[in-house]
Amino acid sequence: MPNYTDVTEFILVGLTRRQELRLLLFVVFLIVYMITLFGNVGMIILINISSQLQSPMYFFLSHLSFVDVWLSSNVTPKMLENLLSETKTISYVGCLVQCYFFIALAHVEVYILAVMAFDRYMAICNPLLYGSKMTKTVCVRLISVPYVYGFSVSLICTLWTYGLYFCGNFEINHFYCADPPLIKIACGGVRIKEYTMMVIAGINLTYSLSVVLVSYTLIVVAVLRMHSAAGRRKAFSTCGTHLTAVTIFYGTLIFMYLRQPTEESVEQGKMVAAFYTTVIPMLNPMIYSLRNKDVKEAVNKAITKANLRQ
């Protein structure tokens with residue numbers, strides 16, 4: 001029988017073991033984190049104060065920004081602390097809490113992206129019914145489901161993580177508490193956790209991605225039938241920004257969670273995880289603002305109003 005050991009804390013290896021790179025990585029990720037906070041909080045404020053951004057698409061976008069802020073904040077501060085600290089520890093309870101919020105927020109985000117795809121389908125394929133169907137009440141209900149479902153599923157997943165047993169190796173080869181590296185160092189309860197992680201990730205990614213793909217297949221068909229070239233360009237521009245965000249986020253999650261945890265996959269997963277926990281939340285407001293005429297106009301109006309008040 002394995003000699004199980006009571007766990008009080010874990011050691012987080014971090015992004016690298018090389019001392020000379022830690023200060024550089026700290027500066028880079030601190031800048032990325034500050035841009036993430038500024039960009040996403042700014043997007044939320046802009047959507048709430050701008051009259052021209054009071055549509056379902058921007059309502060859902062504000063929630064995407066909200067989730068991105070918390071997804072990044074769940075991981076990045078601890079990562080920054082460990083890059084400068086010699087004692088890179090996290091308590092057992094803190095590890096489970098971090099796992100819980102990461103899994104919850106990741107599920108919320110994939111389903112918000114699916115809801116946004118459905119919203120674009122309704123706007124482009126059913127424009128005459130869009131205003132009556134996508135009411136404020138409907139939008140609130142659509143956005144509530146990802147939160148309720150995501151935090152509920154995460155509770156179940158975290159309980160399975162709590163069922164892992166350890167035999168003295170408490171060194172997590174990662175910069176936050178993620179399921180694959182935890183499974184890799186566990187010596188009990190591994191099979192059920194590994195199986196459920198891959199099944200739940202597979203089901204949710206497949207289902208939410210199916211909604212996105214079906215919605216955009218119908219959108220492409222509808223756009224190609226449009227007689228107006230300007231209308232086609234506007235539809236493809238709006239949808240292109242969303243598809244860019246979807247491709248980046250889904251691609252990194254699939255790479256991370258739909259593979260059996262091995263030493264090689266865990267090491268590769270650190271780089272991928274750094275991308276989707278810090279870089280993607282920073283990129284999302286840029287993707288949606290730089291290619292969006294309405295957001296640019298709202299920013300210009302907000303700046304003009306601010307200058308007039310001075």
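**Notes on the helices and a pocket**

1. Residues 23–46 are 100% helix and 0% strand, with the end C-alpha atoms 34 Å apart. Helices here are DSSP runs of H or I, at least four residues, strands are E runs of at least two, and both are numbered from the N terminus. Please keep in mind that this is a predicted model, where local features need pLDDT of at least 70, side-chain atom pairs count only at pLDDT 80 or more, and totals for chains, interfaces and linings use all residues. Residues are numbered from 1 along each chain as its sequence is written, and side-chain values use heavy atoms, without hydrogens and water.

2. The unreviewed UniProt entry annotates "transmembrane region" over several stretches, including 23–46 and 138–162; such annotations may be inferred rather than shown by experiment. Residues 138–162 are also 100% helix and 0% strand, and their end C-alpha atoms lie 37 Å apart.

3. Now to a helix pair: α3 (residues 92–125) packs against α7 (residues 190–224) at about 15°, with the axes 9 Å apart. Axes are lines fitted to C-alpha atoms over the stretch in contact, and angles run from 0 to 180 degrees between N-to-C directions. The two helices are therefore roughly parallel (angles under 35 degrees). Their contact has 19 nonpolar, 4 polar and 1 charged residues, with Gly counted among the polar ones.

4. Lastly, the second largest pocket is lined by 15 residues, with F38, G39, G42, M43 and V299 nearest its centre. α1 (19–49), α9 (263–290) and α10 (293–309) each supply at least two lining residues, and α1 gives the most, with 8. The lining comprises 12 nonpolar, 3 polar and no charged residues.

Methods: Angles under 35 degrees count as roughly parallel, over 145 as roughly antiparallel, 65 to 115 as roughly perpendicular and the rest as oblique. On a 1 Å grid over the protein atoms alone, a cavity is a set of points where a 1.4 Å probe fits but cannot get out, and a pocket is an open set with protein on both sides within 12 Å along at least five of seven lines; lining residues have an atom within 4 Å of a point.
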